[in-house]
Amino acid sequence: MNRSNGGGSRIGQYIIPIIIIAVLFGLSFLTRTGTSMRPSYIVVLFVSILNYIVLAVSWNIFSGPSGYIALSTAAFFGLGIYVSALFGESLPLPVLMILAGAISFVIAAIIGVITLRLRGVYFTIFTFGLVLLLQYLILWYEVKFNNLRGRTVASVPYNTVFLSLLVLVGIVLLAAYFVRKSRFGMALSGIGECEDAAAHVGVNTTMVKVIAFAATSFAIGAAGAAKATTMIYIDPPIAFNVMMSFMPVLMVIFGGAGTFLGPIIGAIAFTILQEQLTTKWPKWYMIIFGTVMIISIVFLPKGLVGTIGEMKSMQKKIALLGITAGFMLIGFGFTQILEAAGVSIGGLVFPLLFGIAGFVIFANVFKRHKGKEAA
Amino acid sequence: MSKKSFLSLFLVFALILSLGAVSTVSVQAAESESGYTIDPDKTEILVGAVRSQTGVFAMFDQTAFGPCYRMWVDKVNADGGIYVEEYGKKLPIKLIVYDDTSDMNQMTQLYQKLILEDHVDFLLPPVSTAFLSAAVPIASQYGYLMIGAEGGSDTLKESLAKYPGFFSVLNYSETQIPAIVDLLLEQGMESAYIIYIQDTHGIEYSTAAEPAFKEAGIEIKAMTSVPADIADMTPIVTDAMNSGADVLIMFAYPQINYPAISIAKTLGYNPKMIIMGPGGSFESAKAALGGDAGVEGIIFEGAWNTKSSPEAAQFAKDLAEFNKDDPNFGMDWWGHIVYYASLEVLQQAIEGAGTLDNSVLAEYIKNNHFNVSMGEIWFENQEIAHECFLGDLGQWQNGYPEVVDADEDRTADPIVPKPEWAAE
């Protein structure tokens, strides 16, 4: 999980942040496609996409370079949900998000100080255990002292949730970008490559890990508070859904761990694929989803972005992207033919699957070709 | 990048987004929600549902409401559709069902999809009380009717006034706990051991039972809560056995009830009465617990049977016939007839009011009586009136689900004390 080179000119450093701002600003106009009472469905779908982008990018900021595989996303996301459930009636959404983020930050910092001395699988298991611990602790408390199982969350208009998450995504993406360029990011990468060596050259490894873990938990908690307002009713198993720990990891692996764009691409692709498969291919959903994951891990261990990143030839990079786009177009055409024949299959399923297939096949063809050239 | 440039960038970013948000809000304020309109080109009634077809709640769609709504759509369309006066013709139903994978996020998003993208005319309810609690406000927000199915609770009922388009259909603790008390008193039971699941159902039933039992002079030996995913019920069943209570009551679901019964058989624990929560009324309980003999004498929340009325008998026959090729199907002697009645109510309301306008139909449902498979039913405070139910408690007797309420719904006298467990 190496960090890519962070060089470039002073002007070059501004290009990506400006693109991020421009894209997010452009997206904010999606709210005009509906009304506050009746948003368009694209806004609803984007709330899920933006939510997963926050989770995946946050996970990648800490776990990507450091190599500490945290499965605590569901824990802090769930805390955010409960903050909304408890205070949603009295506080506006931005305040709820900040409060949820602050609580997540403090708890993550405390837990980090205790557990980030653990390494490898011990840390991973502990973070997963944290999800279950919080779930059952809150369930026990609610049943014992409040005599209830679930809580209603005050609903907030989708457009407001969308804009709030858009701002959060902007902050998280800019943070991800600048952390990669900073000494702090270098320290995190150093920890991932050899923690003892990093400590030897003067990096306060525990401090760096705790700050990164807590800061990313802030964003996860804030995302939970925003998403809760669209869920309306929650209980501990719903709030602390363990899948929320695994999905961001899968998205990052698919897109490319340790890269800037990988988690974003993974979050977008997986959310759209999930939405399309569950609505059009419900019986095939998990089979197709599982197959995509297995193929990705076996043939693209560095993810989509990582695979392109390790190609040295710019021509090959362009060719691979072109081929992928071509396969997506074929998938789109195939969809149109089936739709014309009266078969409803979901507009983006085949373009996405064809695109992934084209990418996997030709990325490996290029890799073998390179191997033969070297031989 | 210097600290100053970094902060400047953030400020610019926040400013641009804020401007975008403000302009959006101002546009929204100028717009208004459009009301119901008649589409002259309409050829079908779009009915949408988000159901758990996979995941932990999938068994409910397979065995509870699922068989009912599938048969209803089939029967309606076989008859040419539902006559809608404002269209002057019968319109067939097109059913759109999305799988929420038993996930709340998916469920809420997919209801939005049904409403905002598919523009369905009607919504069917999701699986489970928790999901229904989230779906009802969404339906209400967009002016849709939502007639409940598997889910429902006292907590949800408290908010009925907020959701004028929501109708609760199953009988719950407020009627079933008094029915249990009446039966226990009638049969001379003096003490009970209560196991309840840490779920809305378990919490509400146990909460209602405590004062009701106390008032009736029935001693509660213990009230034990269990998590939904408890791995081993042996210690709790052993505790119940050692308590010496006359009655074992389980306000819990099949994943707890069935193993608890199996353990009771293994331990030779056979109290005078066993009352089982949801799942006890499923025909499939017999398969899980050793056939007719395996459930003999067990009392369950419910209930109705083919002796309740000729219409009920016909419904049971039709439902079994329609689902005969479905290996997951088994009759539910609590919910099935109620779920189907809710769909018949919707159909009769459309025919009676002559419109697909959900708000008009909500009023029509509140103010009219309906002749359905349950017999004549009507709603009081957005709930099916209690006297419309065909029973609150059932008991397996020779593999048949007798209604054993201590009132006129009874179809057979209860067998108390419960017979010894049959040898397996």
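Two strands count as paired when DSSP finds at least two bridges between them. With that in hand, here are a few close-ups of this predicted model.

**View 1. A three-stranded open sheet in chain B.** The strands here, 3 of them, line up in the order S4-S1-S5 and pair in the parallel sense. At the edges are S4 and strand S5 (122-124) of chain B, each with a single partner strand, so each has one side with no neighbour in the sheet. Ignoring direction, neighbouring strands of this sheet are turned by 25° against each other on average.

**View 2. Helices H6 and H9 of chain A, packed together.** Helix H6 (residues 158-181) of chain A packs against helix H9 (residues 205-231) of chain A at an angle of about 165°, and their axes are 10 Å apart. Angles over 145 degrees count as roughly antiparallel, and H6(A) and H9(A) are therefore roughly antiparallel to each other. The crossing of H6(A) past H9(A) is left-handed. On the H6(A) side, look for A:Tyr158, A:Val161, A:Ser164, A:Leu165, A:Leu168 and A:Val172; what they meet in H9(A) is A:Ala219, A:Ala222, A:Ala223, A:Ala226, A:Thr229 and A:Thr230. Sorted by class, this contact of H6(A) with H9(A) comes to 9 nonpolar and 3 polar residues, with no charged ones.

**View 3. Where chain B touches chain A.** Chain B puts 40 residues into this contact and chain A puts in 44 residues. On the chain B side, helix H1 (3-30), strand S4 (93-99), helix H4 (104-116), helix H5 (129-141) and helix H8 (200-216) each supply at least two residues. H1(B) gives the most to that side, with 11 residues. The residues of chain B that touch chain A split into 18 nonpolar, 16 polar and 6 charged.

**View 4. The two domains of chain B and the contact between them.** Chain B divides into domain 1 (45-168 + 310-388) and domain 2 (173-303 + 391-403). Their C-alpha centres lie 29 Å apart. The contact draws 12 residues from domain 1 of chain B and 15 residues from domain 2 of chain B. On the domain 1 side, the elements giving two or more residues are H5 and helix H6 (154-158) of chain B. By class, that side of domain 1 has 4 nonpolar, 6 polar and 2 charged residues.

Note on methods:
Residues are numbered from 1 along each chain as its sequence is written. Chains are lettered from A and ligands numbered from 1 in the order in which they are written. This is a predicted model: local features need pLDDT of at least 70, side-chain atom pairs count only at pLDDT 80 or more; totals for chains, interfaces and linings use all residues. Axes are lines fitted to C-alpha atoms, for helices over the stretch in contact, and angles run from 0 to 180 degrees between N-to-C directions. Helices (H or I, at least four residues) and strands (E, at least two) are DSSP runs, numbered from the N terminus. Angles under 35 degrees count as roughly parallel, over 145 as roughly antiparallel, 65 to 115 as roughly perpendicular and the rest as oblique. A crossing is left-handed if the near helix is turned anticlockwise from the far one by less than a right angle, and right-handed if clockwise. Two residues are in contact if their C-beta atoms, placed from the backbone, lie within 7 Å. Ala, Val, Leu, Ile, Met, Phe, Trp, Tyr, Cys and Pro count as nonpolar, Asp, Glu, Lys and Arg as charged, and the others, Gly among them, as polar. Domain bounds come from an automatic or database domain assignment.
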